[in-house]
Amino acid sequence: MAIESYVVVHNIAKRHNVGTLARSATAFGVAELILVGRRDFNAFGSHGSTSHLRFRHFHSLTDARLFLKEKDCDICGVEITEDAVSITDHPFKKSTAFLLGNEGTGLSAKECEICDFFVYIPQYGGGTASLNVTVAASIVLHHFGVWAGFSERIRDGNKFVVAEKPLKQLSRKYCTETDDRIIEERKSRRESASNGFFEDGKNGVSSSNLLDSLFPDE
């Protein structure tokens, strides 16, 4: 089975960071960008890269973890923990999904629970306590690509060649689903809402309300 990488987006405070994350993800050969919770995203900073990347949506971290385990994929938290290993050591064994923390608070306890191991990025200067989430993602994904032996993209002059756009994203910028998947997620959402799987969005609008507004019942 081919080695693949994934990026899991959950609880990122600045929604426009998803666009720049998508740009880094396409540059470093990520198979899918997985959105957990809110389905919408801001494509600012993607420079069109969202057209070259597959998106997948889950309402809960539990569902995302189940999907990744079905793919025989490790989940790596990018966080400075007591048992975190330097990214320069390339502590990978197989396909890996990278879960990055909130820009201000890092990974939550719930997020840490689904991780199989943790990596951190060594710093050598004393001017900042941490890196921007998109910068951190770029460094981690590059190291994984080196370890996995991904083929380098061909170049033309001083740029890498951009592939033809295989996917068409909707202007509203949200992760689309099939009708069957939407029905399945609605059922799961109603059964699980009492367990606190859904986090509130801005202005008190929950992710479940957002889903209903995007896909109203007919």
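Visitor: What covers the buried residues of α1?

Guide: The cover includes β1, β2, β3 (54-58) and α4. A cover is judged by contact, that is, heavy atoms within 4.5 Å. Helices are DSSP runs of H or I with at least four residues, strands are E runs of at least two, and both are numbered from the N terminus. This is a predicted model: local features need pLDDT of at least 70, side-chain atom pairs count only at pLDDT 80 or more, and totals for chains, interfaces and linings use all residues.

Visitor: Which residues of α1 are buried?

Guide: They are Asn 17, Val 18, Gly 19, Leu 21, Ala 22, Ser 24 and Ala 25. Just after α1, Gly 29 takes a positive phi of about 75 degrees.

Visitor: Why is Leu 21 called buried?

Guide: Buried means under 20% relative accessible area, exposed over 50%, partly exposed in between (1.4 Å probe, protein chains only). Leu 21 has 2%, so Leu 21 is buried. Leu 21 and Leu 33 lie 12 residues apart along the chain, with 8.8 Å between their C-alpha atoms.

Visitor: What makes a nonpolar core, and how many residues has the largest one?

Guide: A core is a set of buried Ala, Val, Leu, Ile, Met, Phe, Trp, Tyr and Cys residues joined through side-chain atoms within 4.5 Å. The largest has 26 residues. Those with the most contacts inside it are Val 7, Val 9, Leu 33, Leu 53, Phe 98 and Leu 100. Elements giving two or more residues include β1 (5-9), α1 (17-27), β2 (32-36) and β6 (96-100). The largest share, six residues, comes from α4.

Visitor: Which residues does Val 9 contact?

Guide: Beyond its neighbours within four places in sequence, Val 9 touches Val 18, Leu 21, Leu 33, Ile 34, Leu 35 and Val 36. A second, separate core has 19 residues, among them Phe 67, Leu 68, Ile 114 and Cys 115.

Visitor: How do you know which sense β4 and β7 pair in?

Guide: Two strands pair if DSSP finds at least two bridges between them. β4 and β7 have three bridges, in the parallel sense. There, Gly 77 stands opposite Phe 118 in β7. β5 (residues 85-86) also pairs with β7 in the parallel sense, over two bridges.

Visitor: What makes the phi of Asp 72 worth a look?

Guide: Most residues other than glycine have a negative phi. Asp 72 is not a glycine, yet its phi is positive, about 55 degrees. Asp 72 lies in the loop between α2 (61-70) and β4. Its relative accessible area is 44%, so Asp 72 is partly exposed. His 90 also has a positive phi, near 50 degrees. His 90 sits in the loop between β5 and β6.

Visitor: What average pLDDT does the chain have?

Guide: pLDDT is the predictor's confidence in each residue, from 0 to 100. The chain averages 78, and 66% of the residues score at least 70. Over residues 194-218 the pLDDT is below 50. Beyond near neighbours in sequence, that stretch has 40 contacts in the model.

Notes: Residues numbered from 1 in each chain as written. Heavy atoms only, no water.
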